[in-house]
Amino acid sequence: MAAAEHVLAINNENSMELPILPPNQGSEALKDIIFGSAAGMAGKVMEYPFDTVKVRLQAQPDHLPLQYKGPLDCFRQSFEADGLRGLYRGISAPMAGAAVENSCLFFSYRIIQDVLRATYYQSGEPLPFSALLFSGAASGSITSLALTPIELIKCKMQVPSETSGIKAPGPLSLIVTVFRQDGISGFWRGQMGTLIRETGGGAAWFGGYEGVSALFRTYYPSPLSCESDSLPIHQQMIAGAAAGISYNFLFYPADTVKSRMQTEDINHAAVRGERQTFWGVGKALWNQQGFKALYRGCGITCARAAPSSAFIFTVYEGLRSYFS
């Protein structure tokens, strides 16, 4: 009996304790979902025409001369062909995607930080910048799983069909087509590109925002605020703009390859009989035009990402401060 009690005591001492998270996780998660969704959808309405131009530039086929000379020419041709409505074609899927992406990003970013604080750091201790980068990368990798199917439908809708006189399919029709051709796994075509972009991009996005915010708190401290308080709106917007540029520029080649893979059926880029892999598409792009092909449309992407990310972070922080 005494031996059994001794073994039980040793097991209790050696057992791993689960991290204790802060209370009210349910209400905090609901705030992340609602506020992140609202901020993401508002930012998507602002940036969507630029995103359409970016995808059309990325998706130009290898076997034909380039249809667009650059972003401005793509804007002009798209507007002349379909008007403003054409630039907003397919916005229903990315609006849902923006809600899912931003709510998932902010929710998982906060949860991962809470787990790190409860496991490795003392309560109330600010996390080091490396931990924030890890939290951003982990939140991005989680978000990529939900984002790939939505971006697949979005990209197919944004790129016009080469067959004239045929009405462009809607989102439901595209969903049925993808399922019939490739099954459930077909909705995650391009997942490798989304995973690389979102994992690295999540670290760059949150890292850029936190890094610039830390610089503002260090060199332009407010006498009425502590380190955890929100920055003034203009500083939040600057930090958000820096985050958007960092996210899009650093991992743009992965997004280019993903867009090419997800639109290959429209462009007939894979008529050779089999689907290409992520690395195969990347190699083909490099052989076609080198480094320039991987960054096609990057300028307009960074130009729209700066105000969009600034708006997203400012709306999210403002909502959290107001309802805290």
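Which residues have the most contacts inside the largest nonpolar core?

1. This is a predicted model, in which local features need pLDDT of at least 70 and side-chain atom pairs count only at pLDDT 80 or more, while totals for chains, interfaces and linings use all residues. Residues are numbered from 1 along each chain as its sequence is written, and side-chain values use heavy atoms, with hydrogens and water left out.

2. The residues with the most contacts inside the largest nonpolar core, which has 23 residues, are F106, W205, F206 and F313; such a core is a set of buried Ala, Val, Leu, Ile, Met, Phe, Trp, Tyr and Cys residues joined through side-chain atoms within 4.5 Å, buried meaning under 20% relative accessible area with a 1.4 Å probe and protein chains only. Another core, of twelve residues, lies apart from it and includes V281, L285, A293 and C298.

3. Once neighbours within four places in sequence are set aside, W205 is in contact (heavy atoms within 4.5 Å) with N102, L105, F106, A243, G244, Y247, S309, I312 and F313.

4. There are 17 salt bridges, each defined as a side-chain nitrogen of Lys or Arg within 4 Å of a carboxyl oxygen of Asp or Glu. One of them joins the side chains of R320 and E28 at 2.2 Å, N to O, and both R320 and E28 are buried.

5. K44 and E47 also meet in a salt bridge, at 2.8 Å from N to O, and K44 and E47 are both buried. A network of salt bridges links K44, E47, D51, K54, E151, R197, E198, D255, K258 and R304.

Methods. Buried means under 20% relative accessible area, exposed over 50%, partly exposed in between (1.4 Å probe, protein chains only).
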